Amino acid sequence: MKKENSSTSQKLRQIRHQRHMTQAEFADAIGVSRTHYSNIENETVTITDKVLKKISMKFSISMDYLKGITDEEPEQQPDINRNVVYNL
């Protein structure tokens with residue numbers, strides 16, 4: 001389980017860096033605190049499917065990629081700050 005979480009954490013960090021976002025900006029985009037998001041990247045907490053779904057929807061990235069089921073990398077999305085409200 002730790003290996004999958006590690007892979008997910010590394011992918012999230014890579015996605016955030018590709019979009020030139022701070023942890024605070026990324027956290028705000030998915031509706032979690034910066035501290036919580038930092039803990040996810042640093043593997044202090046396990047990311048929930050609910051948060052993964054928010055990331056998947058917000059950034060148009062498949063859940064399979066985020067979970068490490070597929071290695072197909074997402075295409076860079078030009079509009080990363082679209083205003084979408086999710087009721088999960």
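This is a predicted model: local features need pLDDT of at least 70, side-chain atom pairs count only at pLDDT 80 or more; totals for chains, interfaces and linings use all residues.

User: OK, how many aromatic pairs does the structure hold?
Analyst: Two. One of them is F26 with Y37, a tilted pair with 4.9 Å centre to centre and 40° between the planes.

User: Where do F26 and Y37 lie?
Analyst: F26 is in helix α2 (residues 23-30) and Y37 is in helix α3 (residues 34-41), so their pair ties together parts eleven residues apart in sequence.

User: Are those two buried or exposed?
Analyst: F26 is buried, at 0% relative accessible area. Y37 counts as buried too, with a relative accessibility of 0%.

User: And what about F26 and F59, why is that pair stacked?
Analyst: The planes of F26 and F59 are at 5° and the ring centres are 4.8 Å apart. Planes under 30 degrees apart count as stacked, so the pair gets that label.

User: Which parts does that pair tie together?
Analyst: Helix α2, where F26 lies, and helix α4 (residues 49-59), where F59 lies, so the link joins parts 33 residues apart in sequence. F59 counts as buried, at 1% relative accessibility.

User: Which residues do the ring pairs link into a cluster, then?
Analyst: F26, Y37 and F59.

User: Switching topic: what lies over the face of Y65?
Analyst: That's K11, at 4.4 Å from the ring centre of Y65.

Technical notes. Residues are numbered from 1 along each chain as its sequence is written. Side-chain values use heavy atoms; hydrogens and water are left out. Rings of Phe, Tyr and Trp (its six-membered ring) pair if their centres lie within 6.5 Å; planes under 30 degrees apart count as stacked, over 60 as edge-to-face and the rest as tilted. Helices (H or I, at least four residues) and strands (E, at least two) are DSSP runs, numbered from the N terminus. Buried means under 20% relative accessible area, exposed over 50%, partly exposed in between (1.4 Å probe, protein chains only). A charge sits over a ring if NZ of Lys or CZ of Arg is within 6 Å of the ring centre and within 35 degrees of the ring normal.
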